[in-house]
Amino acid sequence: MSSSSGLVDWRGRPVDTRKHGGVRASIFIHAMVLLTNAPNIANVLNMVFSIPAALLADSYVKRFYTVILLAPIEIIGYIVLALQAYTPSLHPPPCSPAATTAAASTTCEPVRGANLSLLLLGLYLVPIGDGAMKACLPALGGDQFDPADPDEQRQEVSFYNWYTFAASTGGFVGLVFIVWVENSKGWGVGFAICAAFVLLGLLVWAAAFPLYRNRLPTGSPITRILQVFVAAFRKRNVRLPEDPSELKQINQDDDNNALEVLPRTDGFGCLEKAAVRTGNDAGAWSLCSVNQVEETKILLRMAPIFAAAVLGYIPMPLILTFTVQQGSTMNTKLGSVHISPATLFLIPIIFQLVILILYDRVIVPPLRRLTGYVGGVTHLQRIGVGFIATIMATAVAAVVETRRKSAAHESSLADGTAGIPLSVFWLTPQFFLIGIFDVTSFVGLLEFFCSEVSMGMKSIGSSIFYCILGVSAWLGSLLIQVTNRVTRRGGKGNGGSGGWLDGANLNNGKLERFYVVLCIIEVVALLSYVFFARRYVYRNEQKVGDPRRDYV
């Protein structure tokens, strides 16, 4: 049967591929991604919250209903933040001049008590709702296309490109419009606008509910995986049969939730013991199907890719942050037009949008004809290109930072924080390479984890990808702290020199050396990634027109 097996419409009936899914349905998903990412661009690095929603969607509730249930929590979070920002009694006491000789010095009290609790409530409600969308929307989008149909197979590849395009466009709108509202109209109005954006996105997306193909939940994948480990441990002394067909196979009588038949693969023989019949098997925690074992193998095979991707993603948010700080010290004039430092964040987004269009419409079609891969290249090859771009970006950034500091000293502006007579467009190469990284590694990793996991774990695949962003951002912050502590001499305030990244003045730091450290980290990440990627066994060939799976 076609891969539309296990997919139902909003009434629970088998889908009609002529009426449900396809590009028409995916347009509404992209619209929601654009509208909800405008206020949420900062939350992409806090996506641990996507895991619970992914488990709910894959285990018990359809992805559509998971988003319907949890997305309003994000709206409530923004409303809470808007009320607190708008109501003076919920603010901390105003800052007051300090008793010091420094005229500009002030003291500010932090928010405390119930007001702090209210603030934290709003801040935590937002990523809970946003995490549900991050986990479910990529998986729901993938469900709209039949990989056994050559046309829809190609459309599925484009879906992930345009998903990223919509997310980046939303980020562009957020950085331009919402930031302007918050600065000119106040944070209360800004948070209210954020709530309105998410509500509008939810309404637009929900309006297309008759068009969606919905994947039926298959029970808890975590339980299935734990059963494999427990059963395999109990049978650790049992010998595997010479004929693999003697292992417990899946059948519809004892596993009604299984929609996908995963063929047995070599490797992880210790786990296959969970599927050996001994005659003393009592329940699912003693005997598992080959399908369960293969589902577990898939996760274990992806684990090294996950680890290498986390390491490879560490430099990217750091390069972006420090590049914008570099730009704020340089000549930001384009002719008679002055570019504000905040606008510099838009440059890599613009590069990314342009490169995405060129990649999807110009580069992929000839590559597809040349290689036979539906995406032009494999997922892992695409990811690797992004890692190479990051190495180049860190190397270029180190050179540009050396040139920027030299210009500052030559102009006797080393003690200043702006006005260095070096055009901000020296940063264009690293911004361009950041765009290449997003087009290749971001999209490649998202598509890799969504396509390689089993049908019963698609939402978890999306959340695994976003966890890479969150974990790498946390490690990047830790790297900055460790770097400053290691490079600090004599202690701050005791006549010693500060760390490489201490202080607000980049001219007195050693950012170029930190870029070199990031370059070394990225090289190590690339080497480890290549090592694991060359040994990774795809569960589908990604060839044009090739069915990827068998279904029951």
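Helices (H or I, at least four residues) and strands (E, at least two) are taken here as DSSP runs, numbered from the N terminus. The model is predicted, so local features need pLDDT of at least 70 and side-chain atom pairs count only at pLDDT 80 or more, while totals for chains, interfaces and linings use all residues. Residues are numbered from 1 along each chain as its sequence is written, and side-chain values use heavy atoms, with hydrogens and water left out.

The protein has 15 helices and 10 strands. Its radius of gyration is 26 Å, close to the 24 Å that the globule rule gives for 552 residues, so the protein is as compact as a globular protein of that length. That radius is taken over C-alpha atoms, and the globule rule is 2.2 Å times the number of residues to the power 0.38. The C-alpha trace spans about 85 × 50 × 50 Å along its principal axes.

Of the 552 residues, 51% count as buried. Buried means under 20% relative accessible area, exposed over 50%, and partly exposed in between (1.4 Å probe, protein chains only). The accessible surface comes to about 24800 Å², and 65% of it belongs to carbon and sulfur atoms. These areas come from the Shrake-Rupley method with a 1.4 Å probe; for residues, only the protein chains shown count as cover. Contact means heavy atoms within 4.5 Å. Among contacts between residues at least 6 apart in sequence, 82% join residues at least 24 apart.

Charged pairs come next. Side chains of opposite charge can pair when their charged atoms come close. A salt bridge is a side-chain nitrogen of Lys or Arg within 4 Å of a carboxyl oxygen of Asp or Glu, and the structure holds 17 of them. One joins Arg 213 and Glu 152, at 3.0 Å from N to O. Arg 213 lies in the loop between α6 (187–206) and β4 (214–215) and Glu 152 in helix α5 (residues 150–185), so this pair ties together parts that are 61 residues apart in sequence. Arg 213 counts as buried because its relative accessibility is 1%, and Glu 152 is buried at 12%.

Lys 297 and Glu 294 form a salt bridge of 3.1 Å, N to O. Both belong to helix α9 (residues 290–313) and are 3 residues apart, about one turn of the helix. Lys 297 is buried at 0% relative accessibility, as is Glu 294 at 3%. These two residues are also linked with Arg 264, Asp 266 and Glu 272 in a network of salt bridges. In helix α12, Arg 404 and Glu 401 are 3 residues apart, about one helical turn. Their closest N and O atoms are 2.8 Å apart, and both residues are buried.

Helix α12 (residues 379–410) also holds Arg 382. Arg 382 is buried yet has no salt bridge; the nearest side chain of opposite charge, Glu 447, is 4.1 Å away. For charge, Lys and Arg count as positive and Asp and Glu as negative; His and the chain ends are not counted. Leaving aside neighbours within four places in sequence, the contacts of Arg 382 include Asn 161, Tyr 359, Ser 441 and Glu 447.

On the surface, Ile 350, Val 354, Leu 358, Val 362 and Ile 363 form a nonpolar patch with about 410 Å² of accessible area together. Patches are made of residues with over 30% relative accessible area and no salt bridge: like charges are joined within 9 Å, nonpolar side chains (Val, Leu, Ile, Met, Phe, Trp, Tyr) within 5 Å. Leu 358 lies in helix α11 (residues 346–371) and counts as partly exposed because its relative accessibility is 44%.
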